[in-house]
Amino acid sequence: MEGRMQGKAPLSDSNRRIMDADAPPRRVYQAWKGSNIFFLGGRLIFGPDVRSLILTVCLIVIPVILFAAVISGQLDHEYHNQIGGWVASVAIIFTAYIIVLLLLTSGRDPGIIPRNAHPPEPEDVGESSNLSEWPGGQHGSTGLPLTKDVLVNGVLVKVKYCHTCMLYRPPRCSHCSICNNCVERFDHHCPWVGQCIGKRNYRFFFMFVSSTTLLCVYVFAFCWVDLRIIMDTHRCKLGRAIMKSPVSGILILYTFIAVWFVGGLTSFHLYLISTNQTTYENFRYRYDRKTNPHNRGLVQNFIEILCSRIPSSRNNFRAKVKEDSATFPSSLGMGRALSPPKMSVDLEMGMKRQTVAMEELEDLHSQIGSAMGLERCGTEPPHIVGRKGCSEIATDIEAFAEEFGLEQRFTERKKIEQRTSHNP
């Protein structure tokens, strides 16, 4: 048996692709071309920098643990079991709420636009295409213009063609170089949450940042209350009070620095929401110097961004990938594709057994009958370059038959055909 296995002719790449035709179908998240990382079978999608999420959680949770364990206990002692427990409970519940918002921001589809399998046809682009940005008004390698004009609220805006995703990006869409996806209403890629911020998670991002700001103010205020009580009780100055409660001093410094970051971010995004801009648009286009076609007024802007319905994802990451029959190239050099044979897999005693019906092998052999006739007559067209010769095809069929234990019947059939060819 060992010698027989060593004597087998290797299967060609085309036949191996045919043999893999009945492999379990992959799902979309397994064949995803972006840089995202998936968890729970495609139910959660993160950016490639998802590890930074651990740091963000630690920066939020650790100070709250110190606050609940130390500061609330001191307040409880000084106020004789009146407010310490309530202060700690509010901080813990509010922190859990913030962590949920963080996961909703980083673990969901931000608004990824599915890629096209092929570039759009030039006739589908329409008359609004703009060739002015191509040197000499020429097209790109795809034969498509770089931009085309789209009407948004009565204002003509340009949308660009994405060569990676092979589509014209909708208005306010941009391609994230980190996640390698086109994201609808792209705001920015946030390394602190490890995800792009787009149309489907911007609301949760804003709620996360603003809630973190409130948590910082809450901890900062009660740490000052704790120091003030120590100063009044012991009739000492601030430095002495910090020596008696160093955790309060550390948390005051920490929250003071953090509130400048998250508080400034909250203020900036309040401005962006009020003017219906994204971070990308604010830095790239400067709408304050020209008309913003998306600005609908202060109230309507807040309603649209914070109160409107979040659209469903355009991607079903758990769907099965549809295999295109064109992925099985022809091995005949005759412009015809071999139909993949039926294959059944039987798992028994830990061994994988593959069987192919003899009828399928006969179909394969009949498909190359004409090619073998060309080889016998020496009339194979010499101008076909890069395609397999008939002798090589026959070798592949022999190896294919031997792989499935049908070499004996295949050899007998071949001998019969040879006798028929010599004795017309």
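Here is a short chat about the predicted model shown above.

Reader: What share of the accessible surface belongs to carbon and sulfur atoms?
Author: The chain's accessible surface comes to about 24600 Å². Carbon and sulfur atoms hold 59%.

Reader: I always check the cysteines, so how many disulfides does a search of the whole structure find?
Author: Take C179, whose nearest cysteine sulfur belongs to C196, 3.5 Å away. A disulfide needs the two sulfurs within 2.5 Å, so C179 is in none. For the whole structure, the search comes back with zero.

Reader: Is C179 buried or exposed?
Author: The cut-off for buried is under 20% relative accessible area. C179 has 1%, so it counts as buried.

Reader: Which element gives the largest share of the largest nonpolar core?
Author: That core has 39 residues, and F67, F208 and C223 have the most contacts inside it. Two or more residues come from each of α3, α4, α6 and α8. The largest share is 14 residues, and the element giving it is α6.

Reader: Leaving aside neighbours within four places in sequence, which residues is F67 in contact with?
Author: F67 is one of the residues with the most contacts inside the largest core. Setting aside neighbours within four places, its contacts are S72, V87, A91, Y218, V219, F222, C223 and L251.

Reader: What separates the C-alpha atoms of G73 and A88?
Author: G73 sits in helix α3, which covers residues 52–78. Its relative accessible area is 36%, so G73 is partly exposed. A88 is 15 residues from G73 along the chain, and the C-alpha separation is 8.5 Å.

Reader: Where does N276 lie, and which side chain does its own side chain make a polar contact with?
Author: N276 lies in the loop between α8 and α9. With a relative accessible area of 0%, N276 is buried. Beyond its neighbours within four places, it is in contact with residues including R172, R185, E281 and H294. The polar contact, at 3.1 Å, is with the side chain of N301.

Reader: Onto the rings: is the F94 and Y97 pair stacked or edge-to-face?
Author: F94 and Y97 are three residues apart in helix α4, so about one helical turn separates them. Both are partly exposed, F94 at 23% and Y97 at 36%. Their centres are 6.0 Å apart with 25° between the planes, and under 30 degrees counts as stacked.

Reader: And why is the pair of F256 and W260 edge-to-face?
Author: These two lie four residues apart in helix α8, about one turn of the helix. F256 is partly exposed at 43%, while W260 counts as exposed at 61%. Their ring centres are 6.2 Å apart, and the pair is edge-to-face because the planes meet at 80°.

Reader: Which residues do ring pairs link into a cluster?
Author: The search of the whole structure finds 14 aromatic pairs. Ring pairs build a cluster whose members are Y29, W32, F38 and F317.

Note on methods: Residues are numbered from 1 along each chain as its sequence is written. This is a predicted model: local features need pLDDT of at least 70, side-chain atom pairs count only at pLDDT 80 or more; totals for chains, interfaces and linings use all residues. Side-chain values use heavy atoms; hydrogens and water are left out. Buried means under 20% relative accessible area, exposed over 50%, partly exposed in between (1.4 Å probe, protein chains only). A nonpolar core is a set of buried Ala, Val, Leu, Ile, Met, Phe, Trp, Tyr and Cys residues joined through side-chain atoms within 4.5 Å. Contact means heavy atoms within 4.5 Å. A polar contact is a pair of N or O atoms within 3.5 Å; within protein, one must be able to donate a hydrogen and the other to accept it, and residues adjacent in sequence count only if both atoms are side-chain atoms. Accessible areas come from the Shrake-Rupley method with a 1.4 Å probe; for residues, only the protein chains shown count as cover. Rings of Phe, Tyr and Trp (its six-membered ring) pair if their centres lie within 6.5 Å; planes under 30 degrees apart count as stacked, over 60 as edge-to-face and the rest as tilted.
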